[in-house]
Structures are given as structure tokens and as C-alpha cells.
Amino acid sequence: MDEQEKKYQDLFTELTNYERSGVRMQMNGFPASPLQIVSAHMVKEESNYMRDYILDEQGMIRELDFNSIGTDHSQVE
């Protein structure tokens, strides 16, 4: 297993553990599974994903959102 594959396996394990703990996950505003999130990371071309942790009243993670951040610099002159 190369370094990149290990990175994706670690991400999948992390997200699966969140899911088992009852943490909801979304990607760009839509519900997503750990596999969907990891797959999107693997095939990304012109964007990265920023994590947004949503906490409950006790400070525990209740939702994890992944939002696409485009890296298209064509607008910059």
C-alpha cells in the first residue's frame, strides 16, 4: 500500500468511526457516507474539501460537513 492509499484508508476509518458514533456527514450540503466522501477526495481534480465540525450543546461533534473549495485561479488577473 502506497502513502496515498494509506491516507485514504485512514480517512475512511476515521469517518466510519464518526458514523458509528452517530455523527451525521454531509458533502456540499448533501448527506454523504464515508465511502462517498473518500471517493470524492480520491477523484478530486480542481477542488479540495474543507471540514466544518458542528458541535452540540455539550461540545460533542454532531455533524461533519465537507465543503468543496475550488482552486480555479482563472478569475485572478
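Buried means under 20% relative accessible area, exposed over 50%, and partly exposed in between, using a 1.4 Å probe and protein chains only. The model is predicted, so local features need pLDDT of at least 70 and side-chain atom pairs count only at pLDDT 80 or more, while totals for chains, interfaces and linings use all residues. Residues are numbered from 1 along each chain as its sequence is written, and side-chain values use heavy atoms, with hydrogens and water left out.

Select Ser 39 to begin. Ser 39 is partly exposed because its relative accessible area is 31%. It lies in helix 2 (residues 34-43); helices (H or I, at least four residues) and strands (E, at least two) are DSSP runs, numbered from the N terminus.

Contact (heavy atoms within 4.5 Å) involves residues including Leu 11 and Phe 12 of helix 1 and Val 38 and His 41 of helix 2.

Now select strand 1 (residues 24-27), which runs parallel to strand 4 (residues 61-70) with 4 bridges joining them. Strands pair if DSSP finds at least two bridges between them. Strand 1 also has 2 bridges to strand 2 (residues 30-31), running antiparallel. Zoom to Gln 26: its bridge partner in strand 4 is Asp 65, and in strand 2 it stands opposite Pro 31.
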